[in-house]
Amino acid sequence: IIILKESNSLKYDIFERLNQGAVQLKPQEIRNCVYRGSFNTMLKEIVTDNEKELSELFKSENKRMDYEEQILKFFTMLSYRYIKTTFCKAMNNYMSIHNNDNENEIKKQKKKFLETFRLVKQVLGKEAFNSYNHTGGRVVRSFNSSIYDSIMVSFASFRRQDIINNADEIKKAIEDIKYNN
């Protein structure tokens, strides 16, 4: 069997099948092996350089490339208005397309994520991505990936100054939705 350099999808499928052994790899761990390049390196650099900040908002340790996957999800959602396949395949496709982006593009992407992430933290605080689960008369706060997605993409879609100018209103509206809905 000849696997062409361009057939990343096939390489991903084969790698995934080969690694269905005792410890099944998570999709981001497979992407890390299949899509080695400047974009993947950038994901790891963001995590390494900002792990404390990320752990504060993600409310967990970076086990098995969870942070890298959340960051990749951010970029994928910004780029794909209407995803017509599974989200896993959309993220694979994004990694494949951006695998060897040039240095300037990598810097722009890194800056976009970090500025958005820090703006969210500034406006919404350390519980920005928490959901509220009313259980047994108490509120349980935990990281919610869907909340992360909606807040990060929304904040990335507006000018920083507009968000800062309306920070109190934005925070109040988001907290109200999370707590009461």
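1. Glutamine 109 sits in helix H6, residues 103–124. Helices here are DSSP runs of H or I with at least four residues, numbered from the N terminus. This is a predicted model, where local features need pLDDT of at least 70, side-chain atom pairs count only at pLDDT 80 or more, and totals for chains, interfaces and linings use all residues. Residues are numbered from 1 along each chain as its sequence is written, and side-chain values use heavy atoms, with hydrogens and water left out.

2. Is glutamine 109 buried or exposed? Glutamine 109 is buried, at 5% relative accessible area. Buried means under 20%, exposed over 50%, and partly exposed in between (1.4 Å probe, protein chains only).

3. The side chain of glutamine 109 makes a polar contact of 3.0 Å with that of tyrosine 94. A polar contact is a pair of N or O atoms within 3.5 Å; within protein, one must be able to donate a hydrogen and the other to accept it, and residues adjacent in sequence count only if both atoms are side-chain atoms. Leaving aside residues up to four places away in sequence, glutamine 109 touches Phe39, Met42, Phe75, Tyr94, His98 and Asp101. Contact means heavy atoms within 4.5 Å.

4. Helix H3 (residues 38–58) and helix H4 (residues 66–79) have axes that come within 8 Å and cross at roughly 110 degrees. H3 is therefore roughly perpendicular to H4. That label covers 65 to 115 degrees; under 35 is roughly parallel, over 145 roughly antiparallel, and the rest oblique. Axes are lines fitted to C-alpha atoms, for helices over the stretch in contact, with angles from 0 to 180 degrees between N-to-C directions.

5. Contacting residues of H3 include Phe39 and Met42, and those of H4 include Phe75.

6. H6 also meets helix H7 (residues 145–156): their axes come within 9 Å and cross at roughly 105 degrees. So H6 and H7 are roughly perpendicular. Among the residues in contact are Phe113, Phe117 and Leu124 of H6, with Ile151 and Phe155 of H7.

7. Leucine 124 belongs to helix H6. Leucine 124 is buried, with 4% relative accessibility. Beyond four places in sequence, leucine 124 touches Ile151, Phe155, Lys171 and Ile174. Its C-alpha atom is 8.2 Å from that of alanine 167, 43 residues apart along the chain.

8. Cysteines: the disulfide count is zero, taking a disulfide as a pair of cysteine sulfur atoms within 2.5 Å. Cysteine 33 is partly exposed at 30% relative accessibility. Cysteine 88 is partly exposed at 28%.

Note on methods. Helices (H or I, at least four residues) and strands (E, at least two) are DSSP runs, numbered from the N terminus.
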